[in-house]
Amino acid sequence: MTRAPVAVPQPRTIREERLARDGKRRRPSHHAGANPLREGLRLERVPDPHVAVLFGATGDLSHRKVFPALAQLWRTNLLPADWAMVAVGRRPYDDGTFRMDIAESLHRNCRVQLDEEAERQFLDRVFYHRGDFADNELYDSLTAKLESMHLEHETGSNLLFYLATQPSAFPEIVAQIGRCGLDHERHEGGWRRIVVEKPFGRDLDSAKRLNREMLKVFRESQVYRIDHYLGKETVRNLLVFRFGNGIFEPLWNRRYVDHIQITVAESLGVEDRGAFYEETGAARDVLQNHLLQLLSLVAMEPPATFAADALRDEKLKVLRAIAPPTRQDVARDVVRGQYDKGWVAGVAVKAYRAEAEVDVESETETFVAARFEVDDWRWSGVPFYLRTGKRMAKRASEIAIQFRDVPHRLFEDANTDPQPNLLAIRVQPDEGILLRFGSKVPGLGLDIRPVTMDFTYGTAFSTDAPDAYETLILDAMLGDQSLFTRADEVEAAWSIVTPVHDAWLDQPAPAFPNYAAGSWGPDDADELIQRDGRHWRRL
Amino acid sequence: MTLSTAPAAPGQPMLRWQSRAKSIDGIAAELGRIWSAISLTAEGPDGDERRVAARSSVMNLVVIAGRGEIGERVAAIVEGLTGRHPSRTLIVNPADPDGPAWLDAQIQAHCVLPSDSAPETCSEMVYLTCGGESGQHLAGVVAPLLIHDLPVTVWWPGEPHFESRSARELLPMADRVLVDGSGWSGDGLAGLVAMAELPARFDLQIADFALLRQARWREAIASTFDRPTLLPYLGHLDRIDVHYAAQDGAPGMANVVRPMYHVAWLASRLGMTVVAPMRPGTEAWTGYAGLLRSGRRRVPVSLKPVESPAPRGTTLIVQLHATRGRSQLWIEVTAYADGVVVQATLDGESMPERRFLAPRKREADLLAETIESAGRDQISRDVLAMAARLVA
């Protein structure tokens with residue numbers, strides 16, 4: 001994503017401007033504020049030297065995502081040479097054994113392998129620190145360790161905390177960081193930031209509580225709440241697509257758009273995360289964050305600037321324009337499902353209730369579809385259909401803008417009616433953008449068939465797109481919050497999803513399982529959209 | 001025509017199709033045949049049939065090879081970038097200017113499989129040798145072979161001659177020109193002046209690999225002034241010295257385009273004006289000296305040769321000095337094996353050293369990077385214009 005340009009010193013008075021234009025006087029060398037040498041360097045910018053402190057370093061997320069992303073940043077020289085990491089975990093490692101463990105993860109999970117030397121340099125900067133997150137001793141010894149590391153690595157007291165733990169550990173860790181004063185920023189550099197993984201709360205109340213705990217210690221400008229979907233290349237491109245092109249935005253409203261579908265479908269089941277998923281479900285795991293974030297990016301007004309808060313203000317307005325659903329709304333406009341056994345990609349898979357660590361009578365939803373309306377001037381009357389599920393027919397994430405039909409059928413003699421135009425933004429896989437329009441079939445008759453103009457990233461830019469985690473971690477290190485969710489955004493999203501959960505609690509036990517693995521969800525989801533005379537896109 | 005249907009391995013470019021032609025019409029016809037064979041299939045890794053995808057649709061790359069060996073080197077580099085950008089590459093190699101007019105073209109389609117599940121992405125390469133008078137009329141040769149509506153980048157490896165007929169023929173159709181100023185003969189400075197005129201003459205962008213290679217230096221210098229305490233000194237610079245590698249110290253023996261770009265970048269970003277252009281000293285090891293003005297302050301600048309085993313003209317050290325009231329700032333950015341290290345001293349007190357990794361980039365990396373960062377680059381334009389003023 002393009003960051004806001006750095007301001008260039010400008011002549012301040014009309015006289016200075018006239019003289020500067022005539023070349024009679026140089027532009028004033030007024031350097032209070034922006035660094036003029038920074039201009040044009042944004043793609044090369046390397047974060048300040050700092051120590052990253054990763055809590056939950058032995059966990060699955062750290063091994064699959066965080067360390068590989070950091071290693072890629074190291075490989076591409078985007079981490080400062082004076083960078084170091086303290087990896088905090090409960091398991092009994094020392095620096096040597098932990099580094100061996102990380103090396104294995106890197107070999108398994110890195111999108112581009114590091115050469116031997118780069119890997120050694122990267123691992124040499126990772127130090128293991130063992131302890132229990134609830135134990136004061138962990139934080140006291142960590143504080144002492146960080147002091148010596150700042151001196152040894154000359155990191156200017158800059159600290160990036162990364163919470164890749166179970167959410168239940170967040171309040172304790174944050175409070176302990178505050179107790180030790182590790183959150184205090186210093187006048188001469190010395191920034192302190194904290195990156196927090198989703199889920200951020202499990203309902204509106206808990207999110208508010210968590211925000212309160214977080215903001216007792218950190219300021220909002222220090223908090224980076226990760227929703228990794230926002231770091232995906234296609235999602236970032238959505239902003240460029242909408243606001244960097246002149247031809248789409250005039251059509252982007254209720255006058256031309258019939259409805260919008262957003263799908264995040266996974267072919268995988270819960271894998272070895274049964275216990276986690278039992279407590280979470282599809283609405284909390286995907287609807288509250290990924291789907292509503294995508295919706296807000298699609299529906300938002302153009303921000304006045306590309307500054308983080310301007311962007312987030314506009315997203316927030318969208319979320320607040322969605323009325324929290326009533327019990328009746330939930331019964332009518334939200335469908336939940338749970339997968340039964342079935343076949344996915346030619347392989348027989350078991351039912352959700354047969355997965356490890358899952359209750360055999362589980363009522364946790366693995367699928368949710370919902371119809372929302374964004375009640376504002378631009379979108380009034382345009383339904384947004386959202387769906388997500390596990391064990392669906394294929395892995396596919398997409399935003400589809402379905403345009404209205406032509407107002408007048410001109411080609412009455414045509415053998416085929418023209419279909420309305422469609423713009424599909426494929427988030428994954430085969431990232432790209434597709435525009436469908438009608439075209440005459442060559443021949444003597446007047447057949448109209450839909451054809452597509454298809455932009456695929458692979459054929460335009462075969463460069464390796466960075467993983468979302470690389471983008472987001474680097475942004476956090478650089479202090480750019482544009483792609484991170486703010487506390488009020490999180491709460492606004494929960495204010496939409498929490499009433500859904502509350503309504504489900506009041507309803508009789510659902511007739512789960514209600515869709516076969518390898519299908520596109522329960523029949524009720526089809527009915528949800530067909531009721532409006534529409535249908536889900538076949539992906 | 002030769003067609004390969006061998007299975008491709010992900011990420012490994014392979015030659016899918018090749019042919020030969022002796023005329024422009026023949027080349028165009030052969031290029032058309034590649035894509036009329038759109039039902040072309042290749043055997044996938046599991047024995048399945050895979051459709052060879054259409055050409056990537058990004059840009060035309062025209063390479064003015066000049067000599068055969070340059071053309072071969074360039075062909076190898078571009079082949080490595082298959083699927084990564086150039087949709088059609090025309091490597092133009094004028095030959096035998098006094099002989100009869102003739103054309104010989106090798107036409108190839110290289111494809112790459114981005115991943116197991118994706119279709120192949122292909123790009124075309126035409127290796128064109130133009131003999132006799134056809135080599136004098138390159139516009140007539142190149143223009144019909146460009147893919148319309150795609151931007152045209154002209155890569156001019158080696159020593160470009162911006163006043164030559166080739167330049168006059170090809171540059172009007174270019175959106176961007178790629179050069180490597182650090183490879184030019186002598187001190188390379190004469191080429192900078194000629195190159196700085198191109199954007200206005202032909203409405204094009206210029207990318208110089210010599211400037212690109214210094215990205216990490218610029219990052220290192222800029223980062224130093226990100227510190228709030230040091231930023232105010234930026235408006236008070238009163239000396240800039242750049243040390244470069246030399247073997248014998250005689251002026252004109254080392255290409256100083258890269259060290260000159262450091263000065264030009266700083267001067268252009270800080271709104272300095274040239275009082276006295278950079279001139280070589282008359283004796284060995286004196287390098288180049290000039291004078292800039294920043295407000296009322298005069299800023300002496302120098303390029304100093306230092307005996308070093310590093311390639312001639314390589315930047316070794318950039319030194320900046322600033323005086324603000326009675327306070328003095330001294331910054332020294334020094335090259336080391338894998339990067340640069342910044343040392344700042346404020347009023348005699350050393351600040352923490354900072355290292356920036358900057359491994360040497362290969363020509364292929366620079367080409368890819370340049371192509372990827374398409375768009376107007378006002379910074380390069382300003383640096384180039386300032387460099388021209390510095391050596392005018």
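Reader: How far apart in helix α2 of chain A are Asp60(A) and Arg64(A)?
Author: In this predicted model, Asp60(A) and Arg64(A) are 4 residues apart in helix α2, which covers residues 60-75 of chain A, so about one helical turn separates them.

Reader: And what do Asp60(A) and Arg64(A) form?
Author: Asp60(A) forms a salt bridge with Arg64(A), and the closest N and O atoms of the pair are 2.8 Å apart.

Reader: Are those two buried or exposed, or something in between?
Author: Asp60(A) counts as partly exposed because its relative accessibility is 43%, and Arg64(A) also counts as partly exposed, with a value of 39%.

Reader: Staying with helix α2 of chain A, where is Ala69(A), and is it buried or exposed?
Author: Ala69(A) has its place in helix α2 of chain A, and it counts as buried because its relative accessibility is 2%.

Reader: Which residues does Ala69(A) touch?
Author: Leaving out residues up to four places away in sequence, Ala69(A) touches Tyr469(A), Glu470(A) and Ile473(A).

Reader: How far is Ala69(A) from Thr280(A), then?
Author: In sequence, Ala69(A) and Thr280(A) are 211 residues apart, while in space the distance from C-alpha to C-alpha is 26 Å.

Reader: Back to salt bridges: how many are there over all chains?
Author: The count over all chains comes to 44 salt bridges.

Reader: What about Arg242(A) and Glu249(A): what do their side chains do, and are they buried or exposed?
Author: The side chains of Arg242(A) and Glu249(A) meet in a salt bridge with an N to O distance of 2.9 Å, and both of these residues are buried.

Reader: Which residues are linked with Arg371(A) in a network of salt bridges?
Author: Arg371(A) is linked in a network of salt bridges with Asp258(A), Glu373(A), Asp532(A) and Arg534(A).

Reader: Which residues gather in a patch of negative charge on the surface?
Author: Asp132(A), Asp135(A), Glu137(A) and Glu172(A) gather in such a patch. Of these, Asp132(A) lies in the loop between β3 (126-130) and α5 (136-153) of chain A, and it counts as partly exposed because its relative accessibility is 39%.

Reader: What about the bond from Phe512(A) to Pro513(A)?
Author: The bond from Phe512(A) to Pro513(A) is also cis, with omega near -10 degrees. Pro513(A) lies in the loop between α14 (487-506) and β18 (515-516) of chain A.

Reader: What phi does Glu271(A) have, and where is it?
Author: Although Glu271(A) is not a glycine, it has a positive phi of about 55 degrees. Glu271(A) is found in the loop between β7 (257-265) and α9 (274-299) of chain A, and at 43% relative accessibility it counts as partly exposed.

Reader: And Glu357(A)?
Author: Glu357(A), which is not a glycine either, has a positive phi of about 65 degrees. Its place is in the loop between β11 (347-349) and β12 (367-373) of chain A, and at 55% relative accessibility Glu357(A) counts as exposed.

Reader: Switching to chain B, how many helices and strands are there?
Author: The secondary structure of chain B comes to 11 helices and 20 strands, and buried residues make up 57% of its 392 residues.

Reader: Where in chain B is Thr129(B), and what does it touch?
Author: Thr129(B) is found in strand β8 (residues 121-131) of chain B, and it is buried, with a relative accessible area of 13%. Not counting residues up to four places away in sequence, Thr129(B) touches Asn93(B), Ala95(B), Trp102(B), Leu103(B) and Asp104(B).

Conventions. Residues are numbered from 1 along each chain as its sequence is written. Chains are lettered from A and ligands numbered from 1 in the order in which they are written. This is a predicted model: local features need pLDDT of at least 70, side-chain atom pairs count only at pLDDT 80 or more; totals for chains, interfaces and linings use all residues. Side-chain values use heavy atoms; hydrogens and water are left out. Patches are made of residues with over 30% relative accessible area and no salt bridge: like charges are joined within 9 Å, nonpolar side chains (Val, Leu, Ile, Met, Phe, Trp, Tyr) within 5 Å. Accessible areas come from the Shrake-Rupley method with a 1.4 Å probe; for residues, only the protein chains shown count as cover. A salt bridge is a side-chain nitrogen of Lys or Arg within 4 Å of a carboxyl oxygen of Asp or Glu. Lys and Arg count as positive and Asp and Glu as negative; His and the chain ends are not counted. The place of a charge is taken as NZ of Lys, CZ of Arg, CG of Asp or CD of Glu. Helices (H or I, at least four residues) and strands (E, at least two) are DSSP runs, numbered from the N terminus. Buried means under 20% relative accessible area, exposed over 50%, partly exposed in between (1.4 Å probe, protein chains only). Contact means heavy atoms within 4.5 Å.
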